Amino acid sequence: MKKTNSDNPHIDCFQCEHFFVTWDANQPRGCKAFGFKTKQLPSVVVFESSGQPCMKFSPKRRPPPSGSGGNGWIA
C-alpha cells in the first residue's frame, strides 16, 4: 500500500520486501529494487531524487502461522 498523505510522502521502507540492512556503517540501509545503499531510508533518497514517492514499494510477505504444518523446531 502506498502512502498518499501529502504531509509525509515517504514510504515505510521497514515494511518493504526490497529493504535490507547492510554491514556498512557509513551506508547501513539499502534497496534491492533500485540497487543502492544509503545512510537515510531509501524512500527518502528516492523522493529527494525524483520528487515522487517510491514506486517500487512492495509489502513484505507474512510467514505462515507457526501452528501450520510443523515446519518449526522443537526445543
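In which segment is histidine 18 found? Histidine 18 is found in the segment before E1, and the legends below, which describe a predicted model, begin with the fold as a whole before returning to this residue.

**Figure 1. Overview of the predicted model, in which one helix and three strands make up the secondary structure of the protein.** Read along the sequence, the elements follow the pattern β-β-β-α, with strand E1 at residues 19-21, strand E2 at residues 29-31, strand E3 at residues 36-38 and helix H1 at residues 42-50. The protein has 75 residues, of which 21% count as buried, and its accessible surface comes to about 5,900 Å², with 55% of that area belonging to carbon and sulfur atoms. Among the contacts between residues at least 6 apart in sequence, 36% join residues that are at least 24 apart.

**Figure 2. Confidence along the chain, with a view of the stretch at residues 1-7.** The average pLDDT of the protein is 83, and 75% of the residues score at least 70. Over residues 1-7, however, the pLDDT is below 50, although this stretch has nine contacts in the model beyond its near neighbours in sequence.

Figure 3. The side chain of histidine 18 reaches the backbone oxygen of lysine 56, at a distance of 3.3 Å. Leaving aside neighbours within four places in sequence, histidine 18 is in contact with Gly30, Cys31, Lys32, Ala33, Lys56 and Ser58, and of these residues Gly30 and Cys31 fall within the span of strand E2, residues 29-31.

**Figure 4. Valine 21, a residue of strand E1.** With a relative accessible area of 61%, valine 21 is exposed, because a value over 50% places a residue in that class. Valine 21 and cysteine 31 are 10 residues apart in sequence, and their C-alpha atoms lie 8.9 Å apart in space.

**Figure 5. Threonine 38, placed in strand E3.** The relative accessibility of threonine 38 is 9%, so this residue counts as buried, the cut-off for that class being under 20%. The side chain of threonine 38 reaches the backbone nitrogen of glutamine 40 at 3.3 Å. When neighbours within four places in sequence are left aside, the contacts of threonine 38 are with Gln27, Pro28, Arg29 and Val45; of these, Arg29 belongs to the span of strand E2 and Val45 to the span of helix H1.

**Figure 6. Helix H1 and the strands against which its buried residues pack.** Within H1, the residues Pro42, Ser43, Val44 and Val46 are buried, and the buried residues of the helix pack against E1, E2 and E3. Glutamate 48 is also placed in helix H1, but at 54% relative accessibility this residue counts as exposed. The C-alpha atoms of glutamate 48 and histidine 10, which are 38 residues apart along the chain, are separated by 9.8 Å.

**Figure 7. The segment after H1, with glycine 51 and glutamine 52.** Helix H1 is followed by glycine 51, whose phi is positive, near 80°. Glutamine 52, found in the segment after H1, is partly exposed, with a relative accessible area of 46%. Apart from neighbours within four places in sequence, glutamine 52 is in contact with Val46 and Phe47, and Val46 is one of the buried residues of H1. Along the sequence, glutamine 52 and histidine 10 are 42 residues apart, while in space the distance from C-alpha to C-alpha is 8.9 Å.

**Figure 8. The cavity found in a search of the whole structure.** Rolling a probe the size of a water molecule over the atoms shows where empty space is left. The search finds one cavity of 30 Å³ or more, and the volume of the largest cavity is about 100 Å³. Its lining is formed by 13 residues, and those closest to the centre are Cys13, Cys16, Cys31, Pro42 and Cys54. Strand E2 and helix H1 each supply at least two residues of this lining, and H1 gives the most, with three residues.

Notes. Residues numbered from 1 in each chain as written. Heavy atoms only, no water. Helix = DSSP H or I, 4+ residues; strand = E, 2+ residues; numbered from the N terminus. Buried < 20%, exposed > 50% of the residue type's maximum accessible area, 1.4 Å probe, protein only. Contact = heavy atoms within 4.5 Å. Areas by Shrake-Rupley, 256 points an atom, 1.4 Å probe, with all protein chains shown as cover. Polar contact = N/O pair within 3.5 Å; in protein donor to acceptor, adjacent residues only side chain to side chain. pLDDT = per-residue confidence, 0-100. 1 Å grid on protein atoms, 1.4 Å probe; cavity = no way out; pocket = protein on both sides within 12 Å on 5 of 7 lines; lining within 4 Å. Points joined across faces, edges and corners; volume = space filled by probe spheres on them.
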